[in-house]
Every structure is written in C-alpha cells, then in structure tokens.
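Please look through the sequence and the model shown below before reading on. The explanation that follows is meant to be read with the structure in view.

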Amino acid sequence: MTLDQIYTDGIAVEDETQASHDYSERARRHLWLQMSRMGAYDETNEIPIMVRGEGTRVYDANGKEYFDGLSGLFTNMLGHGRREISIAAAEQMNKMAFFPLWTYAHPTAIELAEKLAALAPGDLNRVFFTTGGAEANESAWKLARQYHRIRGDTDRYKVISRDIAYHGTTMGALTITSLDAYRKPFEPLVPGAVKVPSVNFYRTEKYGDDYDAFGLWSARQIEEAILREGPDTVAAVFLEPVQNAGGCFTPPRSYWREVRAICDRYGVLLVSDDVICAFGRLGTWFGGQKYDYVPDIITCAKGLTAGYAPLGAMIVSDRIAEPFQHEDQSFVHGFTWSGHPVSCAVALASIKIMEDERVLQNVLKNELYFHERLLSLKDLPIVGDIRGTGYFWGVELVKNQTTKETWSGLDAQRLLRGYVSPEMFRRGLICRSDDRGDPVVQLAPPLISTRNDIDHIVGILREVFTGATKLL
Ligand SMILES: Cc1ncc(COP(=O)(O)O)c(C=O)c1O
C-alpha cells in the first residue's frame, strides 16, 4: 500500500477491527503512555489508536471519525494534512537535516527568531529555542536566576505561580506547577516555589460582580507573596494569559496592569507562559496582545509549529537579554535539539499559513459566537460556569447551579471518567474532561474551525450533558 493510497483509502488494513485490537495489545505491552493509568486498559477497554487526520477530523484504527476538539493537545492549530508544511519539512531535511545552535546558527532558526520578535509585543526581540513547553519554562526560571546573579542580585531564586496551574513536568517546571498529584511523587522539588491563588472569578466570594476589583485583589496576592518572601529573594512570576488547568481562568485587564506594575516595583521578572495561549488560541499571536501587557519573557511551544514538529521557545526582552551580550557572559544552558532546522522550517510554514489565510481573524470573528452557543447550554442544570476566550473555552459542571455545589472526589470521577469522557468519545468528540480543579470540560478546536464546527461541538455537548443530568 502506498502513502497516497493510505491517504485516499483511509486505513491501510484489511480487517480494521482486528488491526485496532492488535495495535492496542502491542501498545499495552510496549508503549508507555504519558500521564496514563496503563492498568486501566485491558481486552475490553482498549487503548484508542488514532491513525490519521484530515482538517479538523481524526480517524481511529477502526475508521471512526472524531472532531479534534482539543487540537491534539492544544497543538493542531491548522488541522491535519497541510501539505505545504510537510513539503517545507521535507525540503529542509533534504537541504540540511540537523545542525545544532551551540555556537553555530542556521537560516531557518534565524528567520524564525526574527519572525517571532516581530510578532511578539514590546521589546521582546531575542529568541532562545527549546524543544517543548516544560523546557521553555525551565529555561526561563534559570535565565531569571542567572540574570539577577549577573547583576549582583545573588539571593533572587524563588518563583511565584498560581494554584492549580500546570507549567510542565521537568523538575524545575514541575516546581512551578502547582498540582499536588503531579508534584508529590517527586518531592523534594527545587527550593523556592511560592504559590498564589488562581484567578477564579466564578468561585470567589470577593467583590460580587466587580470583575476588575477582583482582578486587582488577585494581582495584589502576588505583591503580598513577594513582600512575605522578601522582595530580594524573588526571581520571577510565571502566569499563563488564561490559565488552562482548572478550566480557562480569564483574568480581567486590571489584573495584568497591576501585575506588571508590581513586578516592576520589586524587580521581579514577569514570565508569560504562552505555551497554550500563543499562536492564535486567543485570537492574537500572544496573550499580551489580548490583555494589553508586555512581559519580560514569553515561553511558548505547542501551536508554534501547529503540531507538525516539536519546538519550544523563550522570547526575551532586550532588557533581560542585555547582560548576556557582554564578551565574558553566556547563558550556560541548552538542549541538543533546540531550534531544530526542520522544526523551524515547519514553524515558518505554519505561521505563513496563519497569516495568508487570516486564521487569527477567523478566531476573533467567531469567539463571541462560540461563547453564545456555549451559553445556550445553561438551561441544563449541570452546567455551571462558561468561561474562556478565542478558541479556548471551559464548561464547569456543577451539582446545583444556584449554590454552585461542585462534584468532588469519587463523585467527580463518576461524572467525568465514568460518564462524560466516554460519552464524548463514543459520540466522536475529543475534548478534555478535567478534574484537576472543579470538574470542567475544555474545548480548544483547531483555529480553522467554522461556525458549523462549533455547532457540531455544542450539539454533542448538549447530548452528553443532558445524559449526565441523570447522575444529579
Ligand atoms: C501552560 C503550559 N505550560 C507548559 C506546558 C508544558 O509543555 P510540554 O508538554 O511541551 O513540555 C504545558 C503543557 O501542556 C502547558 O499547558
């Protein structure tokens, strides 16, 4: 079977069900899935095997179609099967497959760095590549620490981040991450992690309907933490523009203005973890453009290559990069694969498509429609809060809309793992049911999704949530 036949015929096997079963067995034996309970899979509960994608849809080994409602893992911004990108990758492989960025440079990394500097807000003009998001955050914390040290501020090593937030799983990034279930097995972690509350407006009792006042209060939690720890011990604050874990917490603009001012007041670096939010997820290139702030460092990955190759980056302001430009200084840090020429070529091709096809405008044009369609689900008693922006939305599920009583512990598992997730999957919608905070269903479709796609998503949500009300 040729590659073209696979594309046109779908599945390259005669007995699809058998192939799916075989794959699942072999996967169970040899493939260790990330963050997965391997013991939960057996002959009756097979590992789903996804074999191909086309546009906003993916297909499993049985030929069943799914809507890619989480864009892979917040990665597949342009959907599947963009030949321009695979051609760009092949051309770069033929020209030069790999050369490191350790003391050398190559054209695709230079061109991409230049492009990212042009797209980023403010004076964030210098790009340090990694291969993913955790490495970008790891790099940013280390950069912040070395930056302060070079300038004689030798006691600044601590890092502030928000409750429930996820920033990656390497030891440094895990330290910045605030999810106990991920942290506990690996403690002690890196010293110096300080936590502040998430910006969860739905569940706060402060400030009633005054979102901006709540934003200011939330920002001041960071100031209080800095003062409590001692300002000259804090290196950086890590915040996502919209916090993913916990379900799309969208802070008000007042929050970012105040956070920026606080960081400036105490000489603490503001790191915007844009690993999910960049490259159009919010309808802008970076979160700072959506919420009107300029961080000192942006970390990004995922959508940078639209999921076609692994790549991450740290985009650094001229001010923070400056002390490293002297002859006797270097940022003593790096990864072999950082800025892989093929990944950079892929990122350039993907960004070009986003520009040529006005993909960000598609998101901005449809974000209100998405919101309205999700709000229409509020007639179901299990639907609590709807929050998000762009193509990044969370639906929080509650036991009681009036009291906001949540599903917790085994109840939450019964709801999400026992019903909502399998039902979404059975109906062909891939999205995330998340119980890392209060139970939430998250949607982050490819940025090329149309209003029909949004209707399709919301239609399935309605069916599943209607069924789930029986569990109330
Ligand atoms: C906000 C955020 N930061 C960092 C990461 C880590 O990225 P990676 O899995 O590429 O290491 C993730 C991954 O989901 C993320 O959502």
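This is a predicted model: local features need pLDDT of at least 70, side-chain atom pairs count only at pLDDT 80 or more; totals for chains, interfaces and linings use all residues.

The protein has 16 helices and 16 strands.

The chain is divided into two domains, and the way they are written deserves a careful look: domain 1 consists of 48-81 + 359-471, whereas domain 2 consists of 83-356. The C-alpha centres of domain 1 and domain 2 lie 26 Å apart, and 39 residues of domain 1 are in contact with 37 residues of domain 2.

How much area do domain 1 and domain 2 bury between them? The value is about 3,000 Å², of which 57% is on carbon and sulfur atoms. On the side of domain 1, the residues that lose the most area to domain 2 are L360, F392 and R436, and together they make up 23% of what that side buries.

Polar and charged groups also meet across this interface. The rule finds three salt bridges between domain 1 and domain 2, and it finds 20 residue pairs in polar contact across the interface, counting pairs in which both residues have pLDDT 80 or more. Several elements give two or more residues to the side of domain 1 that touches domain 2, namely the helices α3 (71-74) and α14 (359-375) together with the strands β11 (383-389), β12 (392-400), β15 (432-434) and β16 (440-443). The residues of that side divide into 16 nonpolar, 14 polar and nine charged.

In the protein as a whole, the count comes to 30 salt bridges. One of them joins R28 and E43, whose closest N and O atoms are 3.2 Å apart. R28 lies in helix α2 (residues 16-30) and E43 in the loop between α2 and β1 (50-54), so this pair ties together parts that are 15 residues apart in sequence. Another salt bridge is formed by the side chains of E396 and R203, with 2.8 Å from N to O.

Two details of the backbone remain. Most residues other than glycine have a negative phi, and most peptide bonds are trans. Against that background, S71 has a positive phi of about 50° although it is not a glycine, and its place is in helix α3. The peptide bond from E187 to P188, in turn, is cis, with omega near 5°, and P188 lies in the loop between α8 (180-183) and β6 (193-196).

Methods
Residues are numbered from 1 along each chain as its sequence is written. Side-chain values use heavy atoms; hydrogens and water are left out. Domain bounds come from an automatic or database domain assignment. Contact means heavy atoms within 4.5 Å. Buried area is the accessible area (1.4 Å probe) that two parts lose on being put together, summed over both. A salt bridge is a side-chain nitrogen of Lys or Arg within 4 Å of a carboxyl oxygen of Asp or Glu. A polar contact is a pair of N or O atoms within 3.5 Å; within protein, one must be able to donate a hydrogen and the other to accept it, and residues adjacent in sequence count only if both atoms are side-chain atoms. Helices (H or I, at least four residues) and strands (E, at least two) are DSSP runs, numbered from the N terminus. Ala, Val, Leu, Ile, Met, Phe, Trp, Tyr, Cys and Pro count as nonpolar, Asp, Glu, Lys and Arg as charged, and the others, Gly among them, as polar.
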